[in-house]
Amino acid sequence: MLEKTITNSQEISFNDFKQEVLKDYKIAKISRECSLLGRREVLTGKAKFGIFGDGKEVPQLAMAKAFKNGDFRSGYYRDQTFMMSIGQLSPQQFFAGLYAHADINVDPMSGGRQMGGHFATHSLNQDGSWKDLTTQKNSSADISPTAGQMPRLLGLAQASKLYRNINELKGKNNFSVNGNEVAWGTIGNASTSEGLFFETINAAGVLQVPMIMNVWDDEYGISVHAKHQTTKESISEILKGFQRENGTNGYEIFVVNGWDYVQLVDVYQKASKIAREEHVPILIHVKQLTQPQGHSTSGSHERYKDKERLQWEKDFDCIAKMRQWILDFELETESGETLRFVESEEEIILLEKEAKKEVSTAKRNAWNSYLNEIKEEVLVAADLLKKVATKSNNGTFINKYRNDLLNIVDPIRKDILVATRKSLRYLKDEHFTEKTALQNFIKANLKSAAYKYSSHLLSETDKAALNVFEKEPTYSQKETLVDARIIMRDNFDAILKKHKNVVIFGEDAGFIGDVNQGLEGLQEKYGELRISDTGIREATIIGQGIGLAMRGLRPIAEVQYLDYLLYALQIMSDDLATLRYRTFGKQKAPLIIRTRGHRLEGIWHAGSPMGGIINNVRGIHVLVPRNMTKAAGFYNTLLEGDDPALVIECLNGYRLKEELPTNLGEFKTPIGIVETTRKGSDITIVSYGSTLRIVDEAAKDLLQVGINVEIIDAQSLLPFDLRHDCVKSLAKTNKLLIVDEDVPGGASAYLLQEILEKQNGYQFLDSKPATLTSKPHRPAYGTDGDYFSKPSAEDVFEKVYEIMHESNPTKFKNLY
């Protein structure tokens, strides 16, 4: 096995191999020491929470050896040894993350936004443009929700397949070298019980993508043993049916002990070669791993492991086993010379001491770097408080806050703002220069905190979708009315011609051109890789899109109906919406999600859960076009920018007639801009999507009784009305009704807050603002079900009339 290992390592000399082994061992010891000291830092209160990679070090060393430039990791929050081994994590950065140092240059993983153990590399330059990802080792940013890394992994792997096989994508670029890159996933054995794991495993087997799935198996999920987690207590056993055979697709499956360095290196070299060259997914089940400190700092594993198991974990600790292998190793050459890694145990003890000292120094430096920065701010604040206390009649109280602040041994920024903001209350009736200085200090700190803790939710570069200006559709002199689906189809055709990196996929999106024929004939024209069908698996459809977008493609992922989006909402919320934020703007995934909703008849195809969606996906634009021309314009806009978005087309609008534009692929609908579709003077109605047609019908009837309605189409919910046009309308009409087919308190409540609170629209009202929503349940089946479940034109008429009656009961006498 050793000879094979040396051969697979490109026939290095024994001395080189010896140095490589000892270097690996030192990295493992450094990583272990980081785990041990990291736990201590949490228990002493310097860090808030710790979850570490102890017990998983040796297989991660082997994985790192097979991991090449251009490859991507989508992993598990215990992969610190791997990150250290590929040169993307230093011990000092490890501790900076543990202390939540809010500086991306110090904690390059997230700038203090994620707990330790969540790793990322930088895919973007300072201006938001792509780095050359083929010249670096890449890690997509981790998330904590178990198995949440799986759907994204699928897309990261599929990108290699597309770069290798789509002619328009071949050649040198920043994202792939002929599709040779492998996407590496890691997961704990217990998390393989999650549905996202199985959905991804199945999809990767169908797609046949270069994905290597590593399962770190220590037999427990927190305190729950594998017998309660997995059938047969073995994920590789129950996935044997996925093993590829002659004439079938499927997986290569390897099972290896996590403490066997030589066998691990051999397996990982084999797996890498197969996945990289043949584009075959692989499962590596790494067994017999340990967890020396238990699951996390929130508890002790002595509570749920018996003495025999605890002793076994000591005996089979992967670092201890590697150490013994190094000490025992002897190889006799043909000339009779005996080769060893070390001549005595003293050599390895010295190496271990060096590792321990290195980590101790890194910890101390990281803590000092974190704390000294804050202490400098404390001194500035204390000086300001001293000056205002001298001038203020309430100086005694202010001095107490100052002294309390100075007496905090390990201050945080919260302490500074608490002391200064509370002191400011005692100065509310006083005026002097020192007070102004304190006010400016507080405002500057809050502004700095906004950048440290709240920036980069969306793109802040020149490529932000909000920077794309409106371009109106143009039309021929002779009116050409077509089914609206034709506009969608022909605009997608123009998009695919213009943007060679656009791929579209989803349920029924390929062969039949989607269920509403918006992609009709495009698979035949552009091929099965650019326009493709998927299985019924919404979460991994979104995951494909995330991974593809992280590798420079522009995916449009289709989820058939809005109601089905709930299957994918967790991935949208936890991964896509937070990606740019949790990497402090260093990664992006400009995925476009296409779906359709509103006004179809039935519980499962007509829901409009907009409130739930918009409150879960901050960081994704949510766009609600009223017709297909507006929708097509949104796709054109988004492809000019670099933000993710959800576009919800009107399900009952595909067969309605619209005029066919002549500048397909070019006209653009602006994001965050409302449109007044009907001018009026008596009341403002704000709505969106298919409901606008109901509102428009009611407005015509209301005009007959002397009520002139102004209708505003929201167009986009996230963001909403950046120009504050709604409040301009209220200044004229003084009355507001929001009509929405979400449940009560859903998107209508959001729009009310935006208009009344954010835009200060309340000051122009002379009547109580109102909402008209669907009933608090899903719509019942049938036309009557729709009529009695969602707002009708009669409902809108009567609601508006009721508001006008309250305002002028003499003119608008009560209907009932």
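Guide: Strands β7 (residues 252–257) and β8 run parallel to each other and share 6 bridges. This is a predicted model in which local features need pLDDT of at least 70, side-chain atom pairs count only at pLDDT 80 or more, and totals for chains, interfaces and linings use all residues. Residues are numbered from 1 along each chain as its sequence is written, and side-chain values use heavy atoms, with hydrogens and water left out.

Visitor: What makes β4 and β8 a pair?

Guide: β4 (residues 211–216) and β8 have 5 parallel bridges, so they pair, as DSSP must find at least two bridges. Tryptophan 216 is opposite valine 286 of β8.

Visitor: Why is β8 called mostly covered?

Guide: In β8 (residues 282–287), 5 of the 6 residues are buried (under 20% relative accessible area, 1.4 Å probe, protein chains only).

Visitor: Which elements make a right-handed β-α-β unit with β8?

Guide: They are β7 and helix α9 (residues 261–278). Right-handed here means that, with the strands pointing away from the viewer, the path from the first strand over the helix to the second runs clockwise.

Visitor: Why is α23 called oblique to α27?

Guide: Helices α23 (residues 691–703) and α27 (residues 793–807) pack at about 55°, with axes 8 Å apart. That angle makes α23 oblique to α27, because angles under 35 degrees count as roughly parallel, over 145 as roughly antiparallel, 65 to 115 as roughly perpendicular and the rest as oblique. The contact (heavy atoms within 4.5 Å) involves residues including Ile694 and Leu702 of α23 and Phe797 and Tyr801 of α27.

Methods
Buried means under 20% relative accessible area, exposed over 50%, partly exposed in between (1.4 Å probe, protein chains only). Helices (H or I, at least four residues) and strands (E, at least two) are DSSP runs, numbered from the N terminus. Axes are lines fitted to C-alpha atoms, for helices over the stretch in contact, and angles run from 0 to 180 degrees between N-to-C directions.
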